[in-house]
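Here is a short walk through one protein chain. Keep the sequence and the 3D view side by side as you read.

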Amino acid sequence: MKRHHILLTMLLAASLLTGCSGSSTMTVLSVPDGTQTTTPANPPRQAASVSYPLTICVGYSTNADDPRGIALASFQEEVESKSGGNLLIEIHPDGELGSDSELIAGMISKDVDMTVSSAGNYALYATRIGVSALPFLFEDFDSAWEFIDSPLMQTLSSDLEVYNMHVLAYFDNGFRCVTTSAKVGPVEAVSDMKGLNIRTPENQIVMETMSRLSANPRSYPFAELKAALKDGTFDAQENPIPVIYNHKLYEVQKYLSITNHSYDAMPLTIRQDLWDSLTPEYQQIISEAAKNAEFQNRKLVKRQTDECVQKLEDAGMEIVYPDLSPFREATTGVKDMFAAVYGQDLIDYIEKISADPAE
Ligand code: EAX
């Protein structure tokens, strides 16, 4: 725990010095590609006006078989029963309410009440929350969860509040791997990534990682991805093994290369103004249900990561285990690029966790 306190102090001190998010003035974060995002001065928080029974709409981009869909179904059951039907959870999978980036924008415009998406997708707004997606940052789930569950991550999560998002829990998507079509063949070495026509989420860190590997990344909504792979719009995509299996991407992709190039934490968020309007009792019901759903989600993602490689092979995919050292080497520049935003201390701290996770 001591480790967390030291860095938390450093980070908080740094944010006070640099007026990072949470200050009452406008903060300009110059993100590595030269564009600038501004953290708006904290508007006075205006709680929504609500009446009960209250329906809360949750939107997400994958199907209901995905571990996030299964966890949200449990969340719905627990919240509705514990609130005696005063809180109703309406779930919209498959991008019904929009793509990942549209869902997150919907939280700001108050068109969406809750969503769950990759941390790197939220980084379009709260840049620092994307740190966990840096390439090859975590070796395994335990070190990833040690960081994600640290008090430090709570500090980074609060960067979203100024964008009207309150983080309830951190679901898991797993470690992202590359798949390719029969047409282009397997990715067995970095050289096989050159010019690869690969789809990514609208996630700056993943796109930069693919670019550093000399691929040709383009973002595209997940709900339309399978059709785009089928018609040849893309030759490749990258997603964690559970996503590949639960969306039957083996029907349109021949090869799976176990690159584990980016850990994909997934903040489960609720509109801050809606959260602020809830009674302490209802906040507690939602918090507890979110943490129980998180536990279930992580267990399922870890299990499917272990079990589904064989299932994908049985379904006809060829599994490739490339030597990852050249991939790590080629992508170290992404960390350097973002160090300016995250602070080298934060990156060093996370790498230390990864090197020797707490027992
Ligand atoms: O898991 O768009 C993506 O590739 C994301 O990983 C999405 O949440 C599906």
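Helices and strands here are DSSP runs, numbered from the N terminus. The model is a predicted one.

Start with the loop between strand S2 (36-39) and strand S3 (54-59), where Pro53 is found. A cis peptide bond joins Tyr52 to Pro53. Its omega is about 5°.

Move on to the loop between strand S4 (87-92) and helix H3 (100-109), which holds Asp94. The phi of Asp94 is near 55°. That is a positive value in a residue other than glycine.

Now turn to helix H11, residues 280-314. How far apart are its end C-alpha atoms? They are 49 Å apart. At 1.5 Å a residue, the 35 residues should span 51 Å, so the two values agree. Yet H11 has a kink of about 40°. The kink is centred on Glu307. Just after H11 comes Gly316, with a positive phi of about 110°.

Counting a Lys or Arg side-chain nitrogen within 4 Å of an Asp or Glu carboxyl oxygen, the total is 17 salt bridges.

Glu188, Asp192, Glu313, Asp314 and Glu318 form a negative surface patch. One of them, Glu188, is found in the loop between strand S6 (165-180) and strand S7 (197-200). Asp314, another member of the patch, falls within the residue range of H11.

Note on methods: Residues are numbered from 1 along each chain as its sequence is written. This is a predicted model: local features need pLDDT of at least 70, side-chain atom pairs count only at pLDDT 80 or more; totals for chains, interfaces and linings use all residues. Side-chain values use heavy atoms; hydrogens and water are left out. Patches are made of residues with over 30% relative accessible area and no salt bridge: like charges are joined within 9 Å, nonpolar side chains (Val, Leu, Ile, Met, Phe, Trp, Tyr) within 5 Å. Accessible areas come from the Shrake-Rupley method with a 1.4 Å probe; for residues, only the protein chains shown count as cover. Lys and Arg count as positive and Asp and Glu as negative; His and the chain ends are not counted. The place of a charge is taken as NZ of Lys, CZ of Arg, CG of Asp or CD of Glu. Helices (H or I, at least four residues) and strands (E, at least two) are DSSP runs, numbered from the N terminus. The expected span of a helix is 1.5 Å times one less than its number of residues. The bend at a residue is the angle between axes fitted to the seven residues ending there and the seven starting there.
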